[in-house]
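Student: Please take a close look at one part of this model with me. I would like the strand pairing treated in detail, with cut-offs stated.

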Amino acid sequence: MAARRSSLSSLPQYSSIGSYTILYLDKKGHALCARCASKPGAEIVRESTYDEGPAIECDGCGKKIKSSYGVAVSARPVSKKR
Ligand SMILES: [Zn+2]
């Protein structure tokens, strides 16, 4: 699905539902924050929520983009095995 553009020119950094972090990827595979993704000339080919993992530096401005849940939530043991 293509990025929806409303009359507002800037893209959201967080999803409207659940406030998940949204990460934008451009044609060159750069990870961009919403602000850089909104810049004219940015060729966004993919937008997706960034749910978990270490903070990523935006390739445009160097801003840290934090994942929604932080680092390695799924690595937490669900049940104790013995
Ligand atoms: Zn940026």
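Tutor: What follows is a close look at strand pairing, then at the surroundings. This is a predicted model: local features need pLDDT of at least 70, side-chain atom pairs count only at pLDDT 80 or more, and totals for chains, interfaces and linings use all residues. Residues are numbered from 1 along each chain as its sequence is written.

Start with the layout. The protein has 1 helix and 5 strands. Both kinds of element are DSSP runs numbered from the N terminus: helices are H or I with at least four residues, strands are E with at least two. From the N terminus, the order is β-β-α-β-β-β. The protein has 82 residues, and 13% of them count as buried. Burial is a count of other C-beta atoms within 10 Å of the residue's own, with C-beta atoms placed from the backbone: 20 or more is buried, 12 or fewer is exposed, and in between is partly exposed. Now contacts. Two residues are in contact if their C-beta atoms, placed from the backbone, lie within 7 Å. Of the contacts in the protein with a separation of 6 or more, 40% join residues 24 or more positions apart.

Take the strand 2 side. Strand 1 (residues 22-26) meets strand 2 through 2 bridges, in the antiparallel sense. Leu25 stands opposite Ala31. Tyr24 has Leu32 as its bridge partner. The hairpin of these two strands has 4 residues between them, and Gly29 there takes a positive phi near 85°.

Cross to the strand 3 side. Strand 1 and strand 3 run antiparallel, joined by 5 bridges. One partner pair is Ile22 with Thr49 of strand 3. Leaving aside neighbours within four places in sequence, Ile22 is in contact with Pro12, Gln13, Tyr14, Ser15, Ala34, Glu47 and Thr49.

Glu47 lies in strand 3. Glu47 counts as buried because 20 C-beta neighbours fall inside 10 Å. Ser48 counts as exposed because it has 12 C-beta neighbours inside 10 Å. Ser48 and Thr21 are 8.3 Å apart, C-alpha to C-alpha, at a sequence distance of 27 residues.

Next, the packing. The largest nonpolar core has 9 residues: Leu11, Ile22, Leu23, Tyr24, Leu32, Cys33, Cys36, Ala37 and Cys58. Such a core is a set of buried Ala, Val, Leu, Ile, Met, Phe, Trp, Tyr and Cys residues joined through C-beta atoms within 7 Å. Strand 1 and helix 1 (34-37) are the elements that give two or more residues to this core. Strand 1 gives the most, with 3 residues.

Ser19 has a positive phi of about 55°, although it is not a glycine. Ser19 counts as exposed because it has 12 C-beta neighbours inside 10 Å.

Finish with the later chain. Ile56 sits in strand 4 (residues 56-57). Ile56 counts as partly exposed because it has 17 C-beta neighbours inside 10 Å. Not counting residues up to four places away in sequence, Ile56 touches Leu23, Ala31 and Ile65. The C-alpha atoms of Ile56 and Lys66, 10 residues apart along the chain, are separated by 6.5 Å.

Ser68 belongs to the segment after strand 5 (64-65). Ser68 is partly exposed because 17 other C-beta atoms lie within 10 Å. Its C-alpha lies 5.3 Å from that of Thr21, at a sequence distance of 47 residues. Beyond four places in sequence, Ser68 touches Tyr20, Thr21, Thr49, Tyr50, Asp51 and Glu52. Thr49 in that list is the strand 3 bridge partner of Ile22.

Note on methods. Two strands pair if DSSP finds at least two bridges between them.
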